[in-house]
Amino acid sequence: MIIPRFSHERGHAKHGWLDSYHTFSFADYHDADNMGWGPLRVINEDRVAPGKGFGSHGHRDMEIISYVLDGALAHKDSMGNGTVIRPGDVQRMSAGQGVVHSEFNPSETEEVHFLQIWILPRERNVSPSYQDIHVDDISMRGRLCLIASPDGEQGSVRIHQDVRLYASVLDENDEVKAHYVNGRLGYLHVARGAVFLNGARYSAGDGAKIEGATELVLAGSTDSGEVLLFDLPR
């Protein structure tokens, strides 16, 4: 079963400096039918104005992944990390016992466009930690590239949950297959462009809950698509 979650169905918040779309319930947006999917709790598509951002604030017991599409995002946290991530970078922060951080757009002229992803951990009160990696375009083009996993496989960031997150860029005539076993869940998010999922077209901002499917076929279109694909426990 594949349940579409189209872009226009998402929650939307606009605060002047921040334009944010929420796939699942978040902040003032509440949708009882979309509280998350398995341990996947948040996919926010954020656009932050130049020189603006999220001031210092705290988190506990959450795996937080940032995936930049355009621009740059400056990160600082109470663990002493201070980095700037750009397209191709994947950032993971395990909040665990508690961490304070900020995320800002360091540019004076360009907005930053990124995805903020929250995953519930399988264990609470772990020691907070941080990691970022760079994934080159070749690794994602025409294939599923593992960018997050419980064991840090294939150079992916390590998260405290039995979740595997893949990124892919699919051009016209590209096709990749994914297999789900033992009743696991899936979720597709189209970051930009468009793709076909088992023959149905999905465009930027669209998503799909996947349950009970054993094989997925993702195909590119004339509008080159960049996607994130989650493999999740129930």
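Let's start with a cluster of charges: Glu 153, Asp 162, Arg 164, Arg 184 and Asp 231 are joined in a network of salt bridges, a salt bridge being a side-chain nitrogen of Lys or Arg within 4 Å of a carboxyl oxygen of Asp or Glu. The model is predicted, so local features need pLDDT of at least 70 and side-chain atom pairs count only at pLDDT 80 or more, while totals for chains, interfaces and linings use all residues. Residues are numbered from 1 along each chain as its sequence is written, and side-chain values use heavy atoms, with hydrogens and water left out.

Across the whole structure, 13 salt bridges turn up. In one of them, Arg 10 pairs with Glu 45, with 2.9 Å between the closest N and O atoms. Both Arg 10 and Glu 45 are buried (buried means under 20% relative accessible area, exposed over 50%, partly exposed in between, with a 1.4 Å probe and protein chains only).

Next, follow Arg 141 to Asp 171, a salt bridge of 2.8 Å from N to O. Arg 141 sits in the loop between α1 (137-140) and β13 (145-149) and Asp 171 in the loop between β15 (164-170) and β16 (175-179), so the pair ties together parts 30 residues apart in sequence. Helices here are DSSP runs of H or I with at least four residues, and strands are runs of E with at least two, numbered from the N terminus. Arg 141 is partly exposed at 34% relative accessible area, and Asp 171 is partly exposed at 25%.

Glu 226 and Arg 192 also meet in a salt bridge, 2.8 Å from N to O. Here Glu 226 is buried at 9%, whereas Arg 192 is partly exposed at 29%.
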